[in-house]
Number of protein chains: 2
Amino acid sequence: MNWKLAARAAKMNPSVLREILKVTERPGIISLAGGLPSPKTFPIQAFADACAEVLHNDGQAALQYAASEGYAPLRQAVADMLPWNVDPAQVLITTGSQQGLDLVAKVLIDPGSRVLVETPTYLGALQAFGPMEPNPVSVASDDEGVIVEDLVAKARATGGRASEDAARFVYLLPNFQNPTGRTMTEARRAAVSAAAAAAGLPIVEDNPYGELWFDEAPPLPLTARNPEGCIYLGSFSKVLAPGLRLGFLVAPKAIFPKLLQAKQAVDLHTPIFTQRMVSAVMKDNFLERHVPTIRALYKRQRDAMMAALKREMAGLDVKFNAPKGGMFLWARLPEGIDTVALLPKAVERNVAFVPGAPFYADQGDPRTLRLSFVTASVEEIDTAIAALALTLREELALLGERKLAPEPV
Amino acid sequence: MNWKLAARAAKMNPSVLREILKVTERPGIISLAGGLPSPKTFPIQAFADACAEVLHNDGQAALQYAASEGYAPLRQAVADMLPWNVDPAQVLITTGSQQGLDLVAKVLIDPGSRVLVETPTYLGALQAFGPMEPNPVSVASDDEGVIVEDLVAKARATGGRASEDAARFVYLLPNFQNPTGRTMTEARRAAVSAAAAAAGLPIVEDNPYGELWFDEAPPLPLTARNPEGCIYLGSFSKVLAPGLRLGFLVAPKAIFPKLLQAKQAVDLHTPIFTQRMVSAVMKDNFLERHVPTIRALYKRQRDAMMAALKREMAGLDVKFNAPKGGMFLWARLPEGIDTVALLPKAVERNVAFVPGAPFYADQGDPRTLRLSFVTASVEEIDTAIAALALTLREELALLGERKLAPEPV
């Protein structure tokens, strides 16, 4: 048969991570790899009550076709939840925030369009954008987020060809970023927002982790500072449960109708049953009681991971950050280490992590890795970090021997 | 802000139908327009039991991230359900079969690619394919489906440019087609299957209505005749409930991995909670008891609609078919009538239908319309068809007067 593939299919590849991580599904492995929320936080009884209620009160409507925009009370609840003035008519319910990335890509990216991303950036976004064949360009970033001068320079049109147009948008994840765990400071947000507005550069702001702060809420979203210049993506995956695939986007009137048309074409609408379930769960300010329990759990586990790293990596040139929320910690191992090569050796010792290199739109730093502190318990984190340190010390010893060995002739 | 849209966004338009049908949502209107399954058929209690069971037995897994391929027992159930030898590894669970169309388009359509469709065809497929910028080409069709000679002629490459490549695939809906309600005969299936295989033309077979037969099951699917040359799309929307957005596709090994990669990028996976719900509902051969009740209801309503049409349209040149299953009946009104112009007048008389023209990839027949016999009750169908006939007679009278009136000078 002539299964001739579209050119864009060449841009779809098995997720590098997914392939690497298959090995980590072996029983007995403590995984610090996946971005899986702790299932202990899923409010199962509240969901059971909501299902029963929705099916009893509104069963027929909850099982029928529904509006592409989403369930009106849920759109209202999203608007009410956000810290700026949001018209529910600007809220589109999506099948997870991953779908928001797909819709944004479809509507805004032509083949060759420059799309600006952080260094490193969320791999799932690169995968969502990929089929629309953008040219993703890394913006230099430090501990506070993207560096404004580089953002402005890379936003500009550079010539006459399509690939040299002004960048279509910058994709930013300001709170407890995936993969680095870093948070954009208030000063940097103000500067990025002003610079993007001045340059006419749209911002796609992704905020799946913003509610998972440990000591204080992060600064205001970028979108709150210039709603007409931003598309905001949010999710119920981290505050309720990811298995429902329920997210949302907020878009200005200039772009909302196209995102809605794209949404209609991809799945008609997000399952209305789960929308009504979540709407029922969220009544009576449920999230205000529930989310603090998630924060407290994840904070204890972050503390345990940082303490274990300090203890176990003592004397080694290992750098790691101190995330103020979210799910991930970012580390950089000593010179000479390649975390892709290290992973199978760590798995031999029953611990898994995610190598950092695939998160870079361009050349990745092979010494980096991402550690999730949310899925494993405190005891498991202690065991896993000790195993990781042991693996690393062995690898460093091997490297030392290799350096001492005579060069092959 | 520089919200520069991708070129493909110009191919996304508000659904013509959706805009037309907004007017039909007025209270008091009997709608024969939408393709909404009768909510009387939704097995609400079975869903309530399944939700409780899934959350009680597997709550954490049912709410966690899950595999992009879908829930293994559901993939197995789909494979078992289909009348040819299907490996569950070839089954991909989708967020409604509409998502299957989106994935197919992403993986197989380049801008300008010829995609063959029936005359007329399912509008939602044209909308799903649209953003990938195909050149949809209508294949001449009669009461038995596409005409083989025209299919073969239009499948062939015609020149050197991309737009003149061999057609990428033909999209066919052989059972109780949307919009016409027609069914491809056994002889036509055999001929189409052989011709497509000989031409190396892939078939995308859409079968949302196949289980809704009234007197006898339709002939074997095209995919069963040549699984390596076909992608098969199915849905739980018409046998259980559309509001869960649960469908599936079956694809040969040559193309499955790319469809899976596209799926990962668009929503990571279909909600696992609803997959487990449906899997629980389907245990103990539930569908074998449930689907016959839907068939019986829809058959009664089809009979009522055909009887009402015969009675109310007597003496008028109105042609309509006798669908052997599914949800829709197709009619053609007398010379001079434009159903788009007729619709608002019908709505004035509290009845709505869908004009046929938007279902054609090229020039539509303005005299056609689609009538759904599944949502309205027998009594409502009687009232609605009487109102439609009255509207039509008035319109014909007006046309007659216009013909008698002197030409404007």
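Guide: Happy to. Between domain 1 of chain A and domain 2 of chain A, 16 residue pairs are in polar contact, both residues being at pLDDT 80 or more (a polar contact is a pair of N or O atoms within 3.5 Å; within protein, one must be able to donate a hydrogen and the other to accept it, and residues adjacent in sequence count only if both atoms are side-chain atoms). On the domain 1 side of chain A, the elements giving two or more residues to this contact are α11 (286-312) and β12 (328-332) (helices, H or I with at least four residues, and strands, E with at least two, are DSSP runs numbered from the N terminus). The largest share of that side, nine residues, comes from α11(A). By type, the domain 1 side splits into 17 nonpolar, five polar and nine charged residues (Ala, Val, Leu, Ile, Met, Phe, Trp, Tyr, Cys and Pro count as nonpolar, Asp, Glu, Lys and Arg as charged, and the others, Gly among them, as polar).

A word on the ground rules: this is a predicted model, where local features need pLDDT of at least 70, side-chain atom pairs count only at pLDDT 80 or more, and totals for chains, interfaces and linings use all residues. Residues are numbered from 1 along each chain as its sequence is written, chains are lettered from A and ligands numbered from 1 in the order in which they are written, and side-chain values use heavy atoms, with hydrogens and water left out.

Now the partners themselves. In chain A, domain 1 covers 9-42 + 288-403 and domain 2 covers 44-286, with bounds from an automatic or database domain assignment. Their centres, taken over C-alpha atoms, are 26 Å apart. Contact, meaning heavy atoms within 4.5 Å, brings 31 residues of domain 1 of chain A together with 35 residues of domain 2 of chain A. The two domains of chain A bury about 3100 Å² between them, 62% of it on carbon and sulfur atoms (buried area is the accessible area, with a 1.4 Å probe, that two parts lose on being put together, summed over both). In domain 1 of chain A, Phe42(A), Arg295(A) and Phe359(A) lose the most area to domain 2, together 21% of what that side buries.

Charges meet here too: the rule finds three salt bridges across this domain interface of chain A (a side-chain nitrogen of Lys or Arg within 4 Å of a carboxyl oxygen of Asp or Glu). Lys299(A) forms a salt bridge with Asp215(A), where the closest N and O atoms are 2.7 Å apart.

For the setting, chain A has 13 helices and 15 strands. Its radius of gyration is 22 Å, close to the 22 Å that the globule rule gives for 409 residues, so chain A is as compact as a globular protein of that length (taken over C-alpha atoms; the rule is 2.2 Å times the number of residues to the power 0.38). Two backbone details of chain A are worth a visit. The peptide bond from Thr119(A) to Pro120(A) is cis, with omega near -10 degrees, and Pro120(A) sits in the loop between β3 (114-117) and α5 (123-129). Arg245(A), a residue other than glycine, has a positive phi near 50 degrees and lies in the loop between β9 (230-235) and β10 (247-250) of chain A.
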